[in-house]
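Trainee: Could you walk me through how to read helix packing in a model like this one?

Mentor: Gladly, let's take a look together.

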Amino acid sequence: SGIWNPRFLLAIGVVLGMFAVVYGVVTLVGVWSGSGPLSMVVTLGVLFMSLILAIPELANQIRLPWRHLVEGGYHALPKFAAVGSQIVPQLATGNAVVSLYPLASSLAFGAACYGLAFVIFARKDF
């Protein structure tokens, strides 16, 4: 086609990073429980909860004692919706990326999952 944007390669790196976050959850639950199916179910639950918590109006519609829990859950879990709908298209099209917070916090969550999985694995007695 003759059309190529070299910034598309940056989007590939972001997608691979988010895959590493998903695999971090799988690794943590798999090492902790020893169950492959449970690790997949928990990972799908984390994906689902991160998509639900990404709804902007959700925190405003919840009463005050629970609002802090919803906002904390949003900041603690990976932000697959924000990375997939904002950062990746901005990188792929060559536009300026508005905020790297969703990517950075998601990668931090993945690193925490890997770190905890390594600690649990080191303490296991085989």
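Trainee: What share of the residues of the protein counts as buried?

Mentor: Keep in mind that this is a predicted model. Of its 126 residues, 30% count as buried. The protein has six helices and zero strands, and its C-alpha atoms fill a box of roughly 55 × 40 × 20 Å along the principal axes.

Trainee: Which residues of H6 are buried?

Mentor: Start with the general idea: an α-helix has 3.6 residues a turn, so residues three or four places apart point the same way. In H6, the buried residues include Ser106, Phe109, Gly110, Cys113 and Ala117. Among the elements covering the buried residues of H6 are H1, H4 and H5.

Trainee: At what angle do H1 and H6 pack?

Mentor: Helix H1 (residues 8-33) and helix H6 (residues 101-123) pack at about 30°, with their axes 8 Å apart. That angle makes H1 roughly parallel to H6, because angles under 35 degrees count as such. Their crossing is left-handed.

Trainee: And which residues make the contact?

Mentor: H1 contributes, among others, Val14, Gly17, Val21, Gly24 and Leu28, while H6 brings residues including Phe109, Gly110, Cys113 and Ala117. By type, the contact residues divide into 18 nonpolar, five polar and no charged.

Methods
Residues are numbered from 1 along each chain as its sequence is written. This is a predicted model: local features need pLDDT of at least 70, side-chain atom pairs count only at pLDDT 80 or more; totals for chains, interfaces and linings use all residues. Side-chain values use heavy atoms; hydrogens and water are left out. Axes are lines fitted to C-alpha atoms, for helices over the stretch in contact, and angles run from 0 to 180 degrees between N-to-C directions. Helices (H or I, at least four residues) and strands (E, at least two) are DSSP runs, numbered from the N terminus. Angles under 35 degrees count as roughly parallel, over 145 as roughly antiparallel, 65 to 115 as roughly perpendicular and the rest as oblique. A crossing is left-handed if the near helix is turned anticlockwise from the far one by less than a right angle, and right-handed if clockwise. Contact means heavy atoms within 4.5 Å. Ala, Val, Leu, Ile, Met, Phe, Trp, Tyr, Cys and Pro count as nonpolar, Asp, Glu, Lys and Arg as charged, and the others, Gly among them, as polar. Buried means under 20% relative accessible area, exposed over 50%, partly exposed in between (1.4 Å probe, protein chains only).
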